[in-house]
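The report that follows is meant to be read with the sequence and the three-dimensional model open side by side.

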Amino acid sequence: MKSELVPEIHDILKLCENTKLPGAKGAVAPHTHPDLVYKHVRIENQTWEGVCKHHHREGTFPDTSNLFLLHIADRLAAGVSRALTEHKLGADAWKRYGIDDKVFKLWKNSFVDIKRDKRHIRPLNLNTIIEFIATNPTAKEYFEEYGSYLPIRAESATLGTNITSLYTHSKLTGQFYRILKKAGYSVEDNRLSSRETVGDIYNEKIKKWTLKVVRCKVNFSQKPFRVRDLNIFRILKEIRRRIGEELGDYVLFSTFDEFLFVLPPNKDVELLKPFLADYGLWFEFSERIQEIKDLHPDPEKLKKEAKFEIEKKKKEQEESLKLKQVKNQIPKDRKKEAEKRIRMGYKKTLEELTEKWERKIKEEKMSGLLREGAEYVELFPVIKPPICEICQMAPAEYTRIDEESGVKEELCKYCWKIQEGGERLTKLAEWTYEEGIKTAWLKVSLDFDKLTETLKQLYIEYLKWSGIPDPEGKAEIRFSVLSEFQLDYDSFLNQLEEEMVSKFGDENVEQILDDFFCVKIDNLSEIVKILSIYKELIESYFPKFKETAESPIKMVISCSHVKFPFFEHWRYLKNPEDDVNVMLVGSGKMKIELRRLGDLLDLELANKTAIEKLARMADVSEELAFMQIFSEEGIKNHPELQEALKKGFNLRDLLTYVKIKSG
Amino acid sequence: MPEYLQYALESEALILGERIKGGVFRPSCKTLRWSTITMALRKFFGSKDIHAVGIFEPEPETSYFVYSPAERATGISKIPLQVEVLNDVKGKVYIVKNDEVNFPEEFEIFLGALISKGFGRCNLEYEGEINNIERTEGILNTRIPIKYKDKFLIEERDKSVYGYLFEPTSETSGIYIKSLFEGSEVVGPKFLLR
């Protein structure tokens, strides 16, 4: 068979309707009976072999090295942990917990959306699939042909496990397959002689073979002030595109400055350097070499486990002490002494626990399995003046004279290159030449740690609902869930851009990054439009994040006169303090939780004259404005503010909102 | 093991330039880096053997000051500059104990830029001596040159944030030396960590 194995297509039978197959009673799902399908249909290509032999089952099993790698890649790309596979839950899990072919998106779907045992997304018949495979299709052709079904069909239909789509799973299986190949892993074909031996070799290899999971954050030392300094963002966007293109299979998740890679163990994080070298960018990283058996997307898992265990123990101890006090187990006359003794015992236990974890982490570090650090393209021990005035990280080698002001700028080779090509953000550049222009900078950020934590909580809730025992022990956020999330997140950002352009007009929106915009506004009240767009999109894409204490997606708006130095906005934009943040430079700021955004936007603030008066008052003195709200007149004029305060809004946030509304 | 003298620092308004000359805006550094406080103390006490760092607590509020420096020869102002000012600054200064200098209980020094315009006056009040220093792993809250990190009992960990601080080599010249910046993972005295 000369054709190449296309790993992405391995699960195509999941799209196949129930079919009568020789050897089966009645119509059965072909995917769960690959042996019957294989006996019934032979297609002379590797992909068909992969479709029928990627599990080790009765009758069919991976009998070549490539099929064996596909089998492992399939497991790595699964949406659920090994604890939730049919091997652990039992082959009849689907009968006990029910099935729904549609993906249950943890960040979007409610339990009422589930149609237990009533929804099949299996639109193809076996003949169509056979004809398609016989054409030796590529992965691209597969995604094009069945692109309307793959993103909605769950990879696993059993309730509690249907959290990723067949699209994401197929794409990831392809990536993992190629990563395993690049790592040089293989098994001699003649060892794969029976189902039993395949099982043994599988159990051996998933403990022996390792992969490296790396998390990186790209940083820049430049302090962008003017429009041409913002070229740094264009460069970051371009770097992300190039990394996606050139290291595509290794990239499992990314935002504009963060990357999650899975690498063969012999590959080094240094592979990022060539992308950053021209611009003097640097990156922080954490990497962990892990057995394939327990491959986890967070290389800092061990550190987080340590922190969690220690905090848990501290809490337990505090509670235990309280309980002893309540139960009067500590005699009053010896209370102080006894408490001291108990606390000393607790302290010792905590120290031992901390030591145990520190030893574990140190051992991993010493053996080279765990590594953290920061990598710089170039660092000088000493720099003789002049130093670059923009990044202050390299000697200045170039002089630029600003045509307008005549100000001289000494630049290093990196900052010179970044500024090359002049001002690319043409709309923003034009606005800076006009008088009296106001702009709102809008940045959306994703907190990766908060995301995995939130998704895990949501998954625990779903497993509880599904009735699967020990949800806390089984819920694990794997690569495929993150990839699935990434699809929706990217789509959310695209939609955000479209909405911004549609509401403000293309001429008034400058997109700097996918998640970063500058909008020309006539008055502050236009910020309400941005908040409304954001709220609607969150409700449409990530409604579940409104129910959590803290959202992993955060938004910051910073508003000022266009000529206000960008770096000051950036300091605020890059460090969101809460879920939704608004800064009116020199005039106030507001930070609220995502779940309160709807209530805030629903505030009527009907008495416009009174609101404008209050906003003017707040500009002079916020204290005076506070007094006004609680005065007799204030209670009469601002009933909605009184109501909002009762709902728990912060007074300062409300005053900033009043200023926004009054324009 | 070095010992430190702890001083409380207070200032109404400080401008600790980030040395950005390219724009018409000059931000202020939000930490009291080694170069700023050490050079000010060396100048005040006339000793080259002083090393000190500081931290601001809480992070100061900021405001903006606009001024227009005039060219000396022509007396003409070209462009107005906007300078970030740290207001009502409170912090701590840690001076490596030095037998050569007798540091007073209370003294006044000037830090940063635009001193002629009334900025930079700082009052330092002695709070005590720190010995038996408790070191722990954490995130650095100031800027210290690598070559002087031992003086502050700082040990680098895996993730370091580097930058450069100015060190004079004579009355009129100096060099930029590689330094650990705020945000670096280190093992060090608790009082220098976030």
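This is a predicted model: local features need pLDDT of at least 70, side-chain atom pairs count only at pLDDT 80 or more; totals for chains, interfaces and linings use all residues.

## Overall build of chain A

Chain A is divided into domain 1 (7-208), domain 2 (307-366) and domain 3 (426-602). Its secondary structure comes to 26 helices and 16 strands, and its C-alpha atoms fill a box of roughly 85 × 80 × 55 Å along the principal axes. Of the 663 residues in chain A, 40% are buried. When contacts between residues at least 6 apart in sequence are taken, 69% of those in chain A join residues at least 24 apart.

## Domain 1 against domain 3

Over C-alpha atoms, the centres of domain 1 and domain 3 of chain A are separated by 36 Å. The two domains touch, with 21 residues of domain 1 of chain A in contact with 26 residues of domain 3 of chain A. On the domain 1 side of this contact, helix α8 (residues 166-182) of chain A gives the most, with 3 residues. That side of domain 1 of chain A is made up of 12 nonpolar, 7 polar and 2 charged residues.

## The largest nonpolar core

The largest nonpolar core has 199 residues, and among them Cys388(A) and Ile557(A) touch the most other members. Helix α18 (residues 479-504) of chain A gives the most to this core, with 9 residues. At least three residues of the core come from each of domain 1 (7-208) and domain 3 (426-602) of chain A. Setting aside residues up to four places away in sequence, Cys388(A) touches Met393(A), Ala394(A), Ala396(A), Glu410(A), Leu411(A), Cys412(A) and Cys415(A).

| Helix | Residues | Number of residues | Span, first to last C-alpha | Expected span |
|---|---|---|---|---|
| α13(A) | 335-366 | 32 residues | 45 Å | 46 Å |
| α16(A) | 448-466 | 19 residues | 26 Å | 27 Å |

For α13(A) the span is close to the expected one, and for α16(A) the span is likewise close to the value expected. Is α13(A) buried or in the open? The number of buried residues among the 32 of α13(A) is 0, so this helix lies largely in the open. After α13(A) comes Gly368(A), whose phi is positive, near 80°.

Helix α16(A), for its part, has buried residues, namely Leu451(A), Thr452(A), Thr454(A), Leu455(A), Leu458(A), Tyr459(A), Tyr462(A), Leu463(A) and Ser466(A). An α-helix has 3.6 residues a turn, so residues three or four places apart point the same way. The cover over the buried residues of α16(A) includes α5 (93-97), β11 (438-446), α17 (471-474) and α18 of chain A. Following α16(A) is Gly467(A), with a positive phi near 85°.

## A buried loop residue

Leu150(A) is found in the loop between α7 (139-145) and α8 of chain A. Why does Leu150(A) count as buried? It has 24 other C-beta atoms within 10 Å, and a residue is taken as buried when that number is 20 or more. Leaving aside neighbours within four places in sequence, the contacts of Leu150(A) are Phe143(A), Ser165(A), Leu166(A), Tyr167(A) and Ser170(A). Of these, Ser165(A) is 15 residues from Leu150(A) in sequence, while the C-alpha atoms of the two are 6.6 Å apart in space.

## Chain A against chain B

Between the chains, 25 residues of chain A are in contact with 21 residues of chain B. On the chain A side, the elements that give two or more residues are β7 (370-376) and β8 (382-383) of chain A, and β7(A) gives the most, with 4 residues. By class, this side of chain A has 14 nonpolar, 4 polar and 7 charged residues.

Strand β10(B) is joined by 2 bridges to strand β13 (residues 185-189) of chain B, and the two run antiparallel. There Glu155(B) stands opposite Val187(B) in β13(B).

Terms used:
Residues are numbered from 1 along each chain as its sequence is written. Chains are lettered from A and ligands numbered from 1 in the order in which they are written. Domain bounds come from an automatic or database domain assignment. Two residues are in contact if their C-beta atoms, placed from the backbone, lie within 7 Å. Ala, Val, Leu, Ile, Met, Phe, Trp, Tyr, Cys and Pro count as nonpolar, Asp, Glu, Lys and Arg as charged, and the others, Gly among them, as polar. Two strands pair if DSSP finds at least two bridges between them. A residue is buried if 20 or more other C-beta atoms lie within 10 Å of its own, exposed if 12 or fewer, and partly exposed in between; C-beta atoms are placed from the backbone. A nonpolar core is a set of buried Ala, Val, Leu, Ile, Met, Phe, Trp, Tyr and Cys residues joined through C-beta atoms within 7 Å. The expected span of a helix is 1.5 Å times one less than its number of residues.
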